[in-house]
Amino acid sequence: MTSLYQRLKESGNPKAPMEVICDLIEKGKTAKEIANIMGITERWVRTLMKRKKDGLSAKELLHKKGPRSPHPKRTKPHIEALVIETQQKTNMGPRRLARELKRTLNLNISSYTIRNILRRNNVKTKKVRSRNGNKRYYANLNHWEALQYFQIDSKHIADAKTLPPKAYAALFKYRLPKYQFTAIDIKTRMRILCFSDECSFANGFSFILYIAFLMRALGIRHRMFFQTDNGSEFGGSEESRKRKILQEKFLEPLGVTLLSIPKGEKEAQGFVERSHRTDDEEFYIPALPHITSRKVFMTSAASWVKYYNQKRSHGGRDMNGKTPKEKIFELSLVSSKAATSIPPILLDKVNTFILKMVGAQNISWDSHHLLQLIKRKQFVAPYIS
């Protein structure tokens, strides 16, 4: 049998059961009598009678009176406001936000506390792109030195599936570069970017040489390994004639070994592919709609690279919230400021000069005869002689 309390509660008027209980209390009924009439526990009646003595109305009887003072361990309001302001500026999640506040403001706030603050204030991280669900690739980072193993890849910036309409339209309206060439050191996450209008072999080859020359100029003396996919801009598959010429004639004298990922295992390029997602979420999507010329684009890109290498903390394996600059400084290999301040260039403007410098501007890359000359050491490039 349904109690009177329950029937009144289901009547549609939330105050109805409390009004009846108030009326019974005013008539002098005892807690036991009210409990029997309403069909509720005597303990609940005594609680309501106590609240009634405090002067609460029938509507307020349902709700507990709040604490007379805030919880002593609750985060201070100005700290909460700072957490919310920083999150809205950076769009970081709780863990990254905790590291950022510690690094920039020396505030020790746990990620769990930040999570609760964001939930209380209904602040959510804006997700620009969803995860694709690809499997992850494990790399043994302890096996490599800093600035020794680079993942290199090209990115089609003008991808309508990735960019929102305004950002996509700006690329074509102002004739901005449509391709990005990226090199990332898997040990320190330091990145070097270049841009181009064409995803050609001349630009891919020039980018590889540019990275090699930069590292040698910075004082890197150990052998370096450049890993690419099997794209035509990097000479195709590892078995291709073009790739063999590139390795034997131009990269071997520089102490560089060019590697290819296994076919169908794109996850082996996980570091550089993940960094491309960061480019979309933190640079292209928010910045492109406001860029109005190539000059502004290159200036903005230079600022983005500098921020990524020097100020943006990384939570990946072995990084522990450090920036690439801090990681390079920790390993004491080269000048961390010089390595992380390399501005991007337009490869279309310099590829002719780079290829001419190494004697590759007029090479017939598909010639079997050229490969034989290289093996016999009868072909010598100008920069080697």
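Of the 38 residues in the largest nonpolar core of this predicted model, Phe 150, Met 215 and Phe 226 touch the most other members. A nonpolar core is here a set of buried Ala, Val, Leu, Ile, Met, Phe, Trp, Tyr and Cys residues joined through side-chain atoms within 4.5 Å, where buried means under 20% relative accessible area, exposed means over 50% and partly exposed lies in between, with a 1.4 Å probe and protein chains only. Two or more residues are given to this core by each of strand 1, strand 2, strand 3, helix 9, strand 4, helix 10 (241-251), strand 5 (256-260) and helix 15, and its largest share, ten residues, comes from helix 9. Helices (H or I, at least four residues) and strands (E, at least two) are DSSP runs numbered from the N terminus. Beyond its neighbours within four places in sequence, Phe 226 is in contact, that is, has heavy atoms within 4.5 Å, with residues including Phe 150, Ile 152, Ile 208, Ile 211 and Leu 258. A second, separate core has 28 residues, among them Ile 157, Ala 167, Ile 186 and Ile 285.

The model is predicted, with local features requiring pLDDT of at least 70 and side-chain atom pairs pLDDT 80 or more, while totals for chains, interfaces and linings use all residues. Residues are numbered from 1 along each chain as its sequence is written, and side-chain values use heavy atoms, leaving out hydrogens and water.

Helix 15 (residues 347-357) has Leu 347, Asn 351, Ile 354 and Leu 355 buried. Seen down the helix axis, the buried residues fall within an arc of 90°, so they line one face of helix 15; the arc is that of the directions from the axis to the C-beta atoms. These buried residues pack against strand 2 (179-185), strand 3 (191-196) and helix 9 (201-217), whereas Lys 349, Thr 352, Phe 353 and Lys 356 are exposed on the other side. Gly 359, with a positive phi near 75°, follows helix 15.

A search of the whole structure finds 15 aromatic pairs. Rings of Phe, Tyr and Trp (its six-membered ring) pair if their centres lie within 6.5 Å, and planes under 30 degrees apart count as stacked, over 60 as edge-to-face and the rest as tilted. Two of the pairs are tabulated below.

| Pair | Centre to centre | Angle between planes | Class |
|---|---|---|---|
| Tyr 149 and Phe 225 | 6.3 Å | 20° | stacked |
| Phe 283 and Phe 297 | 6.4 Å | 45° | tilted |

Tyr 149 in strand 1 (residues 149-156) and Phe 225 in strand 4 (residues 224-228) are 76 residues apart, and both are buried. Phe 283 in helix 11 (residues 270-287) and Phe 297 in helix 12 (residues 294-310) are 14 residues apart; Phe 283 is buried at 5% relative accessibility, and Phe 297 at 0%. Phe 283 and Phe 297 belong to one aromatic cluster, which also includes Phe 195, Trp 304 and Tyr 308.

Gln 148, in the loop between helix 7 (111-120) and strand 1, is buried with a relative accessible area of 10%. The side chain of Gln 148 has a polar atom 2.9 Å from the backbone nitrogen of Glu 145 and reaches the backbone oxygen of Arg 223 at 3.2 Å. Leaving aside neighbours within four places in sequence, Gln 148 is in contact with Asp 185, His 222, Arg 223, Met 224 and Phe 225.

Technical notes. A polar contact is a pair of N or O atoms within 3.5 Å; within protein, one must be able to donate a hydrogen and the other to accept it, and residues adjacent in sequence count only if both atoms are side-chain atoms.
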